[in-house]
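Here is a short briefing to read with the model open beside you. Please take a look at the fold, then follow the notes below.

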Amino acid sequence: MAEDDRNLGMILKAYLDANGHSATLCANGDEAWKALGINHFDFCIFDISMPVMDGFTLARKVKEVQPGMPLVFLTAHDELDDILEGFAIGADDYITKPFNMEELLARIKAVNRRHLQTSNKPVEFHLGSFVFDAPRHILTNSEGKERKLTSKESDLLLMLCECKGNTLSRSNALQSIWKEENRTNARSMDVYITKLRKYFADDPDVCINNVHGVGFRLDVK
């Protein structure tokens, strides 16, 4: 949640936390963009008028790398041009201030329902003797032992699973998960690939192969 009014932001966060959500409050668009690069989120709520980076700019950046991310604008901007621009960027809803907390929660639930109904992506992947529970970030072996993955481990494994048997390009993974393609992030991704390979080391039927000069491919016999 990106909201530069700290008092309103804290009230919103407390209300969402009390109603089954775990909200992260950011004071501006730049802070929110950095948080999105570090952690896994399921939903975005953005104000528009914020210092450093406004909500429209932030939303465009998010939609470039995570086009399916549910997104709602919560703003005092009630002009038709702003509302139309918000939806053109890819917002699922546009709520103007002042607003009712219960209505906000109901709209969040409605957006989530629509996304669940339209998403055909599996949430559980069977990889040899392992099961990967993507939403919970948990990898379970044949003995039932669970390993809790970090956000980046889970995001990277999910991308590999979604294109299993085909090549995941380094560029695509870096842009989607690290938000920027550079040497430092490329080295970081290589470290995470090494970690994932170690997790599957006991099962020869699961292999993450290098595709020279292109990226990686998850092969499962």
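Let's begin at one helix end: Asn28 caps the N-terminal end of helix 2, with a side-chain oxygen 3.1 Å from the backbone nitrogen of Asp30. That is a polar contact, meaning a pair of N or O atoms within 3.5 Å; within protein, one must be able to donate a hydrogen and the other to accept it, and residues adjacent in sequence count only if both atoms are side-chain atoms. Please keep in mind that this is a predicted model, where local features need pLDDT of at least 70, side-chain atom pairs count only at pLDDT 80 or more, and totals for chains, interfaces and linings use all residues. Residues are numbered from 1 along each chain as its sequence is written, and side-chain values use heavy atoms, with hydrogens and water left out.

**Overall picture**

- The protein has eight helices and ten strands; these are DSSP runs numbered from the N terminus, with helices being H or I of at least four residues and strands E of at least two.
- Its C-alpha atoms fill a box of roughly 60 × 35 × 30 Å along the principal axes.
- Of the 221 residues, 43% are buried, where buried means under 20% relative accessible area, exposed over 50%, and partly exposed in between (1.4 Å probe, protein chains only).
- Among contacts (heavy atoms within 4.5 Å) with a separation of 6 or more, 51% join residues 24 or more positions apart.

**Helices 2 and 3**

- Helix 2 covers residues 29-38, and its buried residues are Gly29, Ala32, Trp33, Ala35, Leu36 and Gly37.
- The cover over these buried residues includes strand 1 (44-46), helix 3 (55-65), helix 6 (151-162) and helix 7 (170-178).
- At the start of helix 3, a side-chain oxygen of Asp54 comes to within 3.0 Å of the backbone nitrogen of Phe56.
- Helix 3 has Gly55, Phe56, Leu58, Ala59, Val62, Lys63 and Val65 as its buried residues, and they pack against helix 2, strand 1, strand 2 (71-75), helix 4 (80-89) and helix 7.

**Nonpolar cores**

- The largest nonpolar core has 29 residues, and Leu127, Phe132, Leu139, Leu156, Leu157, Leu160 and Met189 have the most contacts inside it; such a core is a set of buried Ala, Val, Leu, Ile, Met, Phe, Trp, Tyr and Cys residues joined through side-chain atoms within 4.5 Å.
- Two or more residues of this core come from each of strand 4 (124-127), strand 5 (130-133), helix 6, helix 7, helix 8 (183-199), strand 9 (206-211) and strand 10 (215-220).
- Helix 8 gives the largest share, six residues.
- A second, separate core of 23 residues includes Cys26, Trp33, Met53 and Leu71.
- Leaving aside neighbours within four places in sequence, Leu127 is in contact with residues including Phe132, Leu157, Phe200 and Val220.

**Two aspartates to look up**

- Asp5 is in the segment before helix 1 (6-18) and is partly exposed, at 37% relative accessibility.
- A polar atom of the Asp5 side chain lies 3.2 Å from the backbone nitrogen of Asn7.
- Asp5 and Asn28 are 23 residues apart along the chain, with their C-alpha atoms separated by 9.4 Å.
- Asp205 sits in the loop between helix 8 and strand 9 and is partly exposed, with a relative accessible area of 33%.
- Beyond its neighbours within four places in sequence, Asp205 is in contact with Asp219, Val220 and Lys221.
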